[in-house]
Amino acid sequence: MTTTDTRLAGVTGDQAGPRTAARPGRPGSRLARARTGLHTLVFLAPMLVVFGVFSWVPIGRAVVMSFQRTNLVADPVFVGFANFEQVFADPLLWTAIQNTGYFALLALLFGYPIPLVAAILMSEVRKMRGLFSALAYLPVVVPPVVAVLLWRLFYDAGEDGVFNTILGWFGAAPVAWLQDADIVMPSLVLEATWAAAGGTVIIYLAALIGVDPSLYEAAEIDGAGVWRKLWHITLPQLRGVLLITFILQIIGTAQVFLEPFLFTDGGPANRTLTLLLLIYRYAFTNSLGGDYGAAAALSLMLAVVLAGFSMLYFRLTRHWSS
């Protein structure tokens with residue numbers, strides 16, 4: 001009886017074993033995985049189509065146009081690298097490069113650390129932190145054109161301008177904020193920093209929340225002050241976020257357009273002419289159709305430079321970010 005039960009158990013085990021082992025590799029499981037992948041593709045298809053039509057197709061069209069002489073009215077003519085030679089021969093190109101670099105430098109000196117300092121100060125606030133966060137993010141909610149029109153009132157060169165009125169309280173003379181070639185670019189950077197800093201502040205606040213409080217507690221036990229905690233704990237914990245926001249700042253400032261266009265239209269004396277504003281002039285200054293080939297060529301050159309800089313930046317900072 002014992003022998004028979006053992007034999008039956010062995011037979012049952014032999015029959016059940018292969019069935020259990022074969023279950024993961026059955027055609028039904030492969031079919032289920034294929035159906036899951038198909039469902040994922042169906043959900044992604046609309047996004048991929050929209051992204052391709054409105055992003056990659058225009059990029060490809062711009063690359064083609066950079067080798068054509070076209071104003072989108074007459075038939076395009078293939079001219080090879082003539083558009084690039086025309087752009088390099090334009091004396092305004094080097095003016096635009098210098099102005100864009102100057103704007104980027106000022107934005108890094110003032111616009112990059114201000115959101116970080118504001119986020120650190122707000123993270124130390126125990127009460128009304130939500131109110132301060134909302135106030136910091138409020139400029140981002142304001143439409144950019146409305147923000148520029150508002151700041152034009154602040155920068156009014158007359159005595160009734162907001163900033164000149166404040167200067168008058170201290171007995172200072174009115175300042176031509178947007179007409180003085182020496183201070184017009186810092187004025188644009190100030191408005192751009194005010195308009196864009198709120199989003200970066202929220203990013204830094206979210207990163208600060210993720211820092212382990214026990215690190216600060218251990219540092220306080222060791223007698224570390226505020227600056228030592230900031231330098232040895234806060235900044236190292238935020239280095240990944242700082243690297244990303246730095247490269248985004250560089251890319252954003254290299255493509256600055258709204259402030260120079262609406263505040264000064266590149267003036268005075270082309271002191272605020274930037275690369276994107278020059279591209280705009282190539283394409284849209286002629287009512288019968290601008291030189292879209294030159295505009296596309298300069299756009300492609302800017303995109304290649306920024307892509308190369310981004311790749312080099314991430315390569316040089318790879319070990320530090322990890």
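This is a predicted model: local features need pLDDT of at least 70, side-chain atom pairs count only at pLDDT 80 or more; totals for chains, interfaces and linings use all residues.

1. Residues are numbered from 1 along each chain as its sequence is written, and side-chain values use heavy atoms, with hydrogens and water left out.

2. Helix H6 covers residues 129–141, where helices (H or I, at least four residues) and strands (E, at least two) are DSSP runs numbered from the N terminus. Its 13 residues should span 18 Å at 1.5 Å a residue, and the end C-alpha atoms are 19 Å apart, which agrees; the expected span is taken as 1.5 Å times one less than the number of residues.

3. Thr100 lies in helix H4, residues 91–111, and is buried, with a relative accessible area of 6% (buried is under 20%, exposed over 50%, partly exposed in between, with a 1.4 Å probe and protein chains only). Leaving aside neighbours within four places in sequence, Thr100 is in contact (heavy atoms within 4.5 Å) with Thr253, Ala254, Thr274 and Leu275. A polar atom of the Thr100 side chain lies 3.1 Å from the backbone nitrogen of Leu275.

4. The structure holds two salt bridges, each defined as a side-chain nitrogen of Lys or Arg within 4 Å of a carboxyl oxygen of Asp or Glu. One of them joins the side chains of Arg69 and Asp291 (3.4 Å, N to O). Arg69 lies in strand S1 (residues 68–69) and Asp291 in the loop between helix H14 (275–284) and helix H15 (292–316), so the pair ties together parts that are 222 residues apart in sequence. Arg69 is partly exposed, at 34% relative accessible area.

5. Glu220 and Lys229 also meet in a salt bridge through their side chains (3.2 Å, N to O). Glu220 is partly exposed, at 48% relative accessible area, whereas Lys229 is buried, at 16%.

6. In an unreviewed entry, UniProt lists several spans as "transmembrane region", including residues 238–258 and 292–314; such annotations may be inferred rather than shown by experiment, and the positions follow the numbering used here, with feature names shortened. In the model, residues 238–258 are 81% helix and 0% strand, with end C-alpha atoms 30 Å apart. Residues 292–314 are 100% helix and 0% strand, and their end C-alpha atoms lie 33 Å apart.

Methods:
A polar contact is a pair of N or O atoms within 3.5 Å; within protein, one must be able to donate a hydrogen and the other to accept it, and residues adjacent in sequence count only if both atoms are side-chain atoms.
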